[in-house]
Amino acid sequence: MPCKRNLCLPIFVLSLAILCAPSPSVAQQASALSCTPLKTGLVLSGGGAKGFAHVGVFKILDSLHIKPDFIVGSSIGAITGAMYASGYTGQEIDSIARKLPISNVIRSYSPLAPGVIGALPAFAVWENNGRGFTLQTGAVREGEVNALMSALMLRGNLIARGDFDRLPIPLRVIGTKLSTRKAVVLSKGDLAQAVRASFAIPLIFAPGVIGGDVLMDGGVADNIPVATARAMGAERLIVSTLPSATVSDELFGDPMKVALQLTDYLFLNDTTTFRQQDLIIRNRTADFNPLDFSPATLDSLVRSGMQVARETFAKAGCVQTLRGAAEQTREVRVPTVVSEIQVNSKRRLEGKTMRFALGVRPGRRFNEDSLRQRLLQLGEADDYRAIWLMPSGRDSSVKFNVTPVYGAKQAIVVGLAYDNDLGGRLWGGMAWRDLFNAAVEGAVALDIGKYRQEFRGGLLRRIPAMQRAAPLVASFRSVSEDIRIFTDSGERNPVFTRSLELAVGVSGQLPGGFAIGITPIVRLWRVAGTAAVGAAGLNVRMADGVRIVDARTVLEGEVNSRYQRVHFDGKHAWDLGTVEVVPRLRVGWSRNAPLQEQFFLGGYDGFGGLRTTQRRGEQEAMAGLALKRPLFGPIRASGEVTVGAIGVGNGFLTRQLGTVYGQVITGWRVGGEIRTAVLDVHVERGFNSVHGDIWFFRLGQWF
C-alpha cells in the first residue's frame with residue numbers, strides 16, 4: 001500500500017537506521033552476561049606456601065564487599081579457605097598467620113629424641129608405630145603441624161560443630177583417597193582434621209585417616225576443584241590459581257625440594273575447564289618456593305595476590321553482581337560453654353588428664369584464646385601426634401568428643417659429635433610410650449665420650465595439677481667424668497669424679513612460651529682422693545620452650561644442703577638482610593659447689609683463643625656477638641667477639657693477682673660452617689687478649 005507523501009521519508013530513514021545498526025559484539029554480550037546475578041563459588045587451588053597469595057585475594061574481596069555463596073579449597077586452598085569461611089577477614093588471616101609458628105612447619109632435617117630421654121641432640125631416630133621401626137624424617141614434626149591446624153581452625157570448628165554448612169560461608173574441603181586416587185569431598189566432621197588431610201603432601205606429611213579412609217593431599221586428585229563447585233550449583237566461579245615454575249636442576253641437591261617437585265607432577269590440573277562468566281585470578285607465584293614460609297616471602301605473596309586480584313576485578317565489570325546470594329548476613333554463634341567432654345581413649349585417667357590439658361570443664365565457660373594456646377602446647381608433647389576436638393552441638397554450647405592420636409610406641413635414638421678439644425662422643429637410647437596402659441613414658445640412654453660417661457633413665461606421666469596436665473618426671477643419672485685441669489704452664493692430670501642423681505619433679509608452661517620445672521633432687525658424688533658426699537635440695541629450671549635441647553634461653557637455680565648455684569645462658573638470632581646476628585650472654589654464680597658443678601668460660605660453645613673448659617671457676621660472666629653470612633650453598637662465613645671472666649671465693653669475679661680469677665679477657669673467632677642434612681661442621685680460628693691462637697673444630701651439636 002503506498003504511503004502518504006509526508007510519512008515516506010521518516011519511515012525510510014528509520015528503516016535504514018535499523019538495517020545499518022551494528023549487531024552486539026562478543027565483548028558486549030559477555031559484559032551483559034557477567035552483569036547477571038548468579039550463584040557464585042570461590043575456588044582456591046593448592047600450592048604450598050604460595051597459597052598466601054589467596055590471602056591477598058581475600059583482602060580485595062573484602063574491599064569490594066564481595067562475599068561468595070560458598071568456598072571450595074584444596075591443600076593450602078583448604079587452609080586459607082577454611083579460615084575465610086569461618087568469618088575471618090583477609091587482614092585478620094594475615095595477622096593470625098604471623099603470630100603462629102607457621103614458618104616452623106617444615107624445616108631442615110632435624111630428628112627429635114623423645115623428651116623423656118632428656119636434652120640430647122639426635123643424629124637419627126627410628127620409631128615403631130606398631131608396624132616395625134622406620135626412620136623418623138625429622139623435617140616435619142607431626143604433632144606440631146596438627147596442633148597448628150587445630151589452633152588455626154578453632155574458631156571455625158566451634159562454629160561448624162561438625163557441619164561445614166553452618167560456617168558463615170559454607171565450605172567444602174578436597175582430599176584424595178590413597179587407595180583409588182579419587183577426590184573425596186569433606187563437608188562434615190572436625191574442621192582441623194579435614195583441612196589437615198587436604199594438605200597431606202605425599203613424601204612430606206603423613207596421610208590423614210577420616211572415616212576409615214586414608215587421605216592424602218587433595219591436589220593429587222583435584223588441585224583446582226572446579227568440578228566440586230559446579231556440583232554444588234555454582235553458576236559463576238571466582239578461581240584463584242597458584243602457577244608453578246618449571247623445575248630447576250638446582251633443586252635436586254635438596255631432598256625436600258625434590259619431594260615437593262615430584263608432588264607437583266602428581267597434582268591434577270589438566271581437567272579444569274572454565275566458562276565465559278567465570279573470573280580467573282592467575283597469581284604470579286611461579287618464582288616462589290612452595291616450602292618457604294618465611295615472613296618476607298609471605299609478605300610478598302600477600303602483596304602479589306592483592307595486585308593480581310585488583311587487576312582482575314578491574315577488568316571484570318559489574319563487580320557488585322559478584323556478591324551472590326550470600327550477601328545476606330547469616331547469624332553466627334561461637335559457643336562459649338562446654339556441655340560435655342568425651343575422651344575417646346582406653347588409657348586409665350586419660351579423660352581427667354585431657355580435660356586439665358585443654359582447660360575445659362563440662363557446664364563451664366571456656367576461653368577460646370586459652371584453648372588455642374593449650375592445643376599448641378600439646379603439639380610439642382611427644383605422646384600425641386594429634387588432638388582432634390570433634391565438636392558437636394547447637395546454640396551457645398558445644399560438646400567435645402576428643403580423639404587423641406598417639407605417638408610411636410617405641411623409639412630408638414642415636415647421637416654423635418666430635419670436638420678437637422673434647423674428643424668423640426656417642427650416645428644411644430630407647431624410649432617406650434604407654435607403659436602399663438597408663439600413658440607412662442619410659443626411657444634409658446647411655447652416653448660415652450672421651451672424658452665423660454653417663455647412664456640415665458626416667459619415667460614420665462602427665463598428671464592433673466594447677467588446672468593443667470603437668471608432666472611428672474622421675475629420673476636417675478650416673479656420671480663418671482675426668483675433669484681437665486689447666487694452668488699457665490699447660491694441662492695437668494685430670495681429676496676423676498663420680499656422681500649419682502635421683503630426682504622427681506613436675507614441669508609446666510608459663511606465659512610467654514616459657515617452660516618451668518620444679519624438681520626435688522638428691523645428689524651423691526665423690527672426687528678422687530676424698531670421701532663420698534651427699535646433698536638433698538630443690539632444682540628450678542626455666543627455658544623458652546618445652547624442650548631444653550631446643551631452648552635458646554635457660555635460667556637454672558639449685559639450693560641444697562651442700563651448695564647453692566644459679567646460672568643463666570641465653571642467645572637469640574636476628575636476620576639483618578643476609579647477615580644473621582647472634583648475641584650471647586652467660587652469667588653464673590655458686591657457693592661451695594663441687595668441681596663438677598662449677599662453670600667454665602663460654603660453656604660448650606667455647607671462648608675465642610681458649611680450649612674448651614680451660615678456665616673453670618665458681619662464677620662466670622660472658623657476653624658475645626656472632627655474625628654469620630651465607631657464602632654459597634650450605635657454606636656460611638662466621639665470626640664472633642666475646643668478653644668474659646671467671647672468679648672464685650666471696651663476691652663476684654673478684655680480681656686475684658697472680659691468677660686468672662677476675663681477669664677480664666677478650667676473644668674472637670673467625671671461620672665458617674657447613675650446614676648439611678645430617679651434621680653441621682664448624683671450623684674457626686680463635687684468638688684472645690692473653691693467649692695465642694687455637695683452632696676450633698666441631699662436628700655435630702655438643703651437649
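In which strand does Ser-240 lie? I looked this up to begin with and found Ser-240 in strand β9, which covers residues 236-241. I note that this is a predicted model.

**Entry: Ser-240**

I checked how covered Ser-240 is. Its relative accessible area is 0%. Buried means under 20%, so Ser-240 counts as buried. I then listed what Ser-240 touches, not counting residues up to four places away in sequence. The list holds Val-43, Leu-44, Ser-45, His-54, Val-57, Ile-281 and Asn-283.

**Entry: the whole chain**

I stepped back to the chain. It has 703 residues, of which 49% count as buried. I found 14 helices and 33 strands in the chain. The accessible surface comes to about 32600 Å², and 58% of that surface belongs to carbon and sulfur atoms. I also looked at contacts between residues at least 6 apart in sequence. Of these, 63% join residues at least 24 apart.

**Entry: helix α4**

I went to helix α4, residues 76-85. How many of its residues are buried? I found 10 of the 10 buried, so the helix is largely enclosed by the rest of the structure. The buried residues include Ile-76, Met-83 and Tyr-84. Gly-77 and Gly-81 are also among them. After α4 comes Gly-87, and I noted that its phi is positive, near 105°.

**Entry: helix α8**

I turned to helix α8, residues 191-198. This helix is mostly covered, with eight of its eight residues buried. Among the buried residues I noted Gln-193, Arg-196 and Ser-198. Leu-191 and Val-195 are also on that list.

What caps the N-terminal end of α8? I found Asp-190 there: one of its side-chain oxygens lies 3.0 Å from the backbone nitrogen of Ala-192.

Arg-196 lies over the face of Phe-199, at 5.2 Å from the ring centre.

**Entry: aromatic pairs**

I looked up the aromatic pairs and found nine in the structure. One of them joins Phe-199 and Phe-205. Their ring centres are 5.2 Å apart, with 85° between the planes, and the pair is edge-to-face. I checked the cover of both rings' residues. Phe-199 has a relative accessible area of 6% and is buried. Phe-205, at 7%, counts as buried too.

Another pair is formed by Tyr-418 and Phe-697. This pair is tilted, at 6.1 Å centre to centre and 55° between the planes. Which parts of the chain does the pair tie together? Tyr-418 is in strand β15 (residues 410-419) and Phe-697 is in strand β33 (residues 694-699), so the pair ties together parts that are 279 residues apart in sequence. I found Tyr-418 partly exposed, with a relative accessible area of 37%. Phe-697 also counts as partly exposed, at 30%.

Arg-669 lies over the face of Phe-696, at 4.3 Å from the ring centre.

**Entry: strand β12**

I looked at strand β12, residues 384-388. Four of its five residues are buried, and I put the strand down as mostly covered. Which strand pairs with β12 over four bridges? I found strand β14 (residues 397-406), paired with β12 in the antiparallel sense. I also looked up Trp-388, whose bridge partner in β14 is Thr-403.

**Entry: Arg-452**

I moved on to Arg-452, which lies in strand β18, residues 452-465. Its side chain makes a polar contact of 2.6 Å with the side chain of Glu-454. I then set aside neighbours within four places in sequence and listed the contacts of Arg-452. They are Arg-425, Asp-447, Arg-477, Val-479, Ser-480 and Glu-481.

**Entry: Pro-520**

I finished with Pro-520, found in strand β21, residues 514-527. Is Pro-520 buried or partly exposed? At a relative accessible area of 45%, Pro-520 is partly exposed. I listed its contacts, again leaving aside neighbours within four places in sequence. They are Leu-502, Ala-503, Val-504, Gly-505, Gly-537 and Leu-538. I also looked up the spacing between Pro-520 and Val-540. The two are 20 residues apart in sequence and 8.7 Å apart in space, C-alpha to C-alpha.

Methods: Residues numbered from 1 in each chain as written. Predicted model: local features only at pLDDT ≥ 70, side-chain atom pairs only at ≥ 80, totals over all residues. Heavy atoms only, no water. Helix = DSSP H or I, 4+ residues; strand = E, 2+ residues; numbered from the N terminus. Buried < 20%, exposed > 50% of the residue type's maximum accessible area, 1.4 Å probe, protein only. Contact = heavy atoms within 4.5 Å. Areas by Shrake-Rupley, 256 points an atom, 1.4 Å probe, with all protein chains shown as cover. Polar contact = N/O pair within 3.5 Å; in protein donor to acceptor, adjacent residues only side chain to side chain. Pairing = 2+ DSSP bridges. Phe/Tyr/Trp six-rings, centres within 6.5 Å; stacked < 30°, edge-to-face > 60°. Lys NZ or Arg CZ within 6 Å of the ring centre and 35° of its normal.
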